[in-house]
Amino acid sequence: MIYRDMKNGLNRDNRRQVLVINGKDSFDPLYNRPAIDCGILTSKLNGRDDVEMISVGNGSIDITIGDIECALAKLDANEKITIIIQCHGVIKNGKFHFILGEDAKISSSELFEVISDKLGCPVDIFTPACYGGGMMRDRGKLPAGSVLVSLTSDKEINNGGDYRDMVKQLDKFSDDFS
């Protein structure tokens, strides 16, 4: 499932395309809410004039690599691109994997190869996923100049609260989204 929102009259110098990948979420019984609230980020980004947002998944459905490939095909490699991966993460057999659904996962190595093949340009990738620092091992699979940011190391989980608070402040930025 792919959603696309394009704001009219964007200044091309400040515009950034943002692909938000929302893996299927699990329910956090401790806080009586989804572990990742995908809607907060997408609503904040939709309110920005300097962002063209494409969203894959909504946190309640499984997504596939095919869904991600379709979304990547909609991006313009001549524009600034940020990919935000909102999903759970796990280290399996020494490799980092993003969890896309109940029975679906993709290694950062495989995902970065797909991104590189489809776009061929530097991208900024951000994830709050648990053990997200594990994706740093595969940074060589991305085009030169790409930037990877994870809120966690490859040995720690993310309780979600800090990320949720950060996203809620997104509309307070006074400059372009970068």
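**Strand pairing, cores and local features of the predicted model**

Arg16 stands opposite Val51 in strand E5. The model is a predicted one, in which local features need pLDDT of at least 70 and side-chain atom pairs count only at pLDDT 80 or more, while totals for chains, interfaces and linings use all residues. Residues are numbered from 1 along each chain as its sequence is written, and side-chain values use heavy atoms, with hydrogens and water left out.

The secondary structure of the protein comprises 4 helices and 11 strands. Helices (H or I, at least four residues) and strands (E, at least two) are DSSP runs numbered from the N terminus. Of the 178 residues of the protein, 46% are buried, where buried means under 20% relative accessible area, exposed over 50%, and partly exposed in between (1.4 Å probe, protein chains only). The accessible surface amounts to about 8,900 Å², and 47% of this surface belongs to carbon and sulfur atoms. Accessible areas come from the Shrake-Rupley method with a 1.4 Å probe, and for residues only the protein chains shown count as cover. A contact means heavy atoms within 4.5 Å. Among contacts between residues at least 6 apart in sequence, 70% join residues at least 24 apart.

Several strands are paired, a term used if DSSP finds at least two bridges between two strands. E2 and E5 run parallel and are joined by 6 bridges. E2 also pairs with E6, again in the parallel sense, over 7 bridges; in this pairing Val18 stands opposite Thr82 of E6. E6 in turn pairs with E10 in the parallel sense over 3 bridges, and Ile84 is placed opposite Phe126 in E10.

Two of these strands were examined for burial. In E5, 6 of the 6 residues are buried, so the strand is largely enclosed by the rest of the structure. Both of its faces are covered, with Val51, Met53 and Ser55 buried on one side and Glu52, Ile54 and Val56 buried on the other. E6 is mostly covered, as 6 of its 7 residues are buried. Thr82 lies in E6 and is buried, with a relative accessible area of 7%. The side chain of Thr82 makes a polar contact with the side chain of Arg16 (2.8 Å). A polar contact is a pair of N or O atoms within 3.5 Å; within protein, one must be able to donate a hydrogen and the other to accept it, and residues adjacent in sequence count only if both atoms are side-chain atoms.

Nonpolar cores are sets of buried Ala, Val, Leu, Ile, Met, Phe, Trp, Tyr and Cys residues joined through side-chain atoms within 4.5 Å. The largest has 29 residues, of which Leu19, Leu72, Ile83, Ile115 and Ile125 touch the most other members. At least two residues of this core come from each of strand E2 (16–22), strand E5 (51–56), helix H2 (65–73), strand E6 (80–86), strand E8 (95–99) and helix H3 (108–119). H3 gives the most, with 5 residues. A second, separate core contains 8 residues, including Val18, Leu45, Met53 and Ile84. Leaving aside residues up to four places away in sequence, Ile125 touches Ile83, Ile85, Phe112, Ile115, Met135, Leu142, Val147, Leu148 and Val149.

Aromatic pairs were also counted. A pair of aromatic rings is described by the distance of the centres and the angle of the planes. Rings of Phe, Tyr and Trp (its six-membered ring) pair if their centres lie within 6.5 Å; planes under 30 degrees apart count as stacked, over 60 as edge-to-face and the rest as tilted. By this rule there is 1 aromatic pair. The ring centres of Phe96 and Phe98 are 4.7 Å apart and the ring planes stand at 90°, so the pair is edge-to-face. Both Phe96 and Phe98 are buried.

Ser60 is located in the loop between E5 and H2. Its side chain makes a polar contact with the side chain of Asn58 (2.8 Å). The C-alpha atoms of Ser60 and Asn22 are separated by 8.7 Å, with the two residues 38 residues apart along the chain. Asn93, in the loop between strand E7 (88–92) and E8, has a positive phi of about 50° although it is not a glycine. Asn93 counts as exposed, at 81% relative accessibility. Tyr131 lies in the loop between strand E10 (124–127) and strand E11 (147–150). Its phi is near 60°, a positive value in a residue other than glycine. With 26% relative accessibility, Tyr131 counts as partly exposed.
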